[in-house]
Amino acid sequence: MTRVITYGTFDILHTGHINLLKRASEYGDYLIAAISSDEFNAVKNKEAYYTFEQRKVILEAVRFVDEVIPEDTWEQKLEDIKKYHIDILVMGDDWKGKFDYLNDYCEVIYLPRTVGISTTKIKSDLNRL
Ligand code: C2G
């Protein structure tokens, strides 16, 4: 059983997120999505529209996702890899290289981002309506 993990805020879920989650799930049999807590979003200087609880409910409804856990710190990834017996960490390539330090513990794969969509773009487009 190949176990995959990915991390993100996943706010205002859109096709870019879904494309990432779908591709990540195709690398294994079980996908964990670690979503940033509201407190960790503040660390990331991101303000999510949906709360952690709302984003958790939404991610848990995505058929590619088998489990949702909280992401509270940058440093928890190694602990998660051990705790959840992760074989592959998958991230969008805007993170390319940033998690290579985990290569000794699991395969690290960066996938091309979906061009033309982002939560930021959605928010600014909606503001123009
Ligand atoms: N993503 C994508 N295409 C987009 C937008 C996002 O492939 N058009 C991917 C990102 O590369 C990331 C995932 O979807 O792998 C989640 O994106 P965000 O919610 O923006 O997550 P981020 O703020 O990058 O947080 O510790 C890692 C961080 O928590 C990642």
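Student: In which segment does Arg128 lie?
Tutor: This is a predicted model. Helix 5 spans residues 119-127. Arg128 lies in the segment after helix 5.

Student: Is Arg128 buried or exposed?
Tutor: The cut-off for exposed is over 50% relative accessible area. Arg128 has a relative accessible area of 65%, so Arg128 counts as exposed.

Student: How does Asp125 count by accessibility: buried, exposed or partly exposed?
Tutor: Buried needs under 20% and exposed needs over 50%, with partly exposed in between. Asp125 has 26% relative accessibility, and therefore counts as partly exposed.

Student: What separates the C-alpha atoms of Arg128 and Leu20?
Tutor: Along the chain, Arg128 and Leu20 are 108 residues apart.

Student: Is Arg55 buried or exposed?
Tutor: Arg55 is found in helix 3, residues 52-60. Buried means under 20% relative accessible area. The value for Arg55 is 0%, so Arg55 counts as buried.

Student: Which backbone oxygen lies 2.8 Å from a polar atom of the side chain of Arg55?
Tutor: The side chain of Arg55 belongs to a residue of helix 3. A polar atom of that side chain lies 2.8 Å from the backbone oxygen of Ser36.

Student: What phi does Phe10 have, and where does Phe10 lie?
Tutor: Most residues other than glycine have a negative phi. Phe10 is not a glycine, yet its phi is positive. Phe10 lies in the loop between strand 1 and helix 1, and its phi is about 50°.

Student: What phi does His85 have?
Tutor: His85 is found in the loop between helix 4 (76-83) and strand 4. His85 is not a glycine, but its phi is positive, at about 55°.

Student: Which counts as buried and which as exposed, Phe10 or His85?
Tutor: The cut-offs are under 20% for buried and over 50% for exposed. Phe10 has 6% relative accessibility, so Phe10 counts as buried. His85 has a relative accessible area of 57%, so His85 is exposed.

Student: How many residues surround the ligand?
Tutor: The closest are Lys46, Glu71, Lys77, Asp94 and Ile117. By class, the shell has seven nonpolar, eight polar and six charged residues. The total around the ligand is 21 residues.

Student: Which element gives the most to the shell around the ligand?
Tutor: Strand 1 (3-8), helix 1 (15-25) and strand 4 (88-92) each supply at least two residues. The element that gives the most, with three residues, is helix 1.

Student: Which side chains have a polar atom 2.9 Å or 2.7 Å from an oxygen atom of the ligand?
Tutor: At 2.9 Å from a ligand oxygen atom lies a polar side-chain atom of Lys44. At 2.7 Å from a ligand oxygen atom is an N or O atom in the side chain of Lys77.

Student: Which residue has a backbone N or O atom 2.7 Å from a nitrogen atom of the ligand?
Tutor: The residue is among the closest to the ligand. The backbone atom at 2.7 Å from the ligand nitrogen belongs to Ile117.

Student: How much of the ligand's area does the protein bury?
Tutor: The space taken by the ligand is the largest pocket. Taken alone, the ligand exposes 630 Å². Of that area, the protein buries 95%.

Methods. Residues are numbered from 1 along each chain as its sequence is written. This is a predicted model: local features need pLDDT of at least 70, side-chain atom pairs count only at pLDDT 80 or more; totals for chains, interfaces and linings use all residues. Side-chain values use heavy atoms; hydrogens and water are left out. A residue is near a molecule or strand if one of its heavy atoms lies within 4 Å of it. A polar contact is a pair of N or O atoms within 3.5 Å; within protein, one must be able to donate a hydrogen and the other to accept it, and residues adjacent in sequence count only if both atoms are side-chain atoms. Accessible areas come from the Shrake-Rupley method with a 1.4 Å probe; for residues, only the protein chains shown count as cover. On a 1 Å grid over the protein atoms alone, a cavity is a set of points where a 1.4 Å probe fits but cannot get out, and a pocket is an open set with protein on both sides within 12 Å along at least five of seven lines; lining residues have an atom within 4 Å of a point. A molecule sits in a cavity or pocket if more than half of its atoms lie within 2 Å of its grid points. Helices (H or I, at least four residues) and strands (E, at least two) are DSSP runs, numbered from the N terminus. Ala, Val, Leu, Ile, Met, Phe, Trp, Tyr, Cys and Pro count as nonpolar, Asp, Glu, Lys and Arg as charged, and the others, Gly among them, as polar. Buried means under 20% relative accessible area, exposed over 50%, partly exposed in between (1.4 Å probe, protein chains only).
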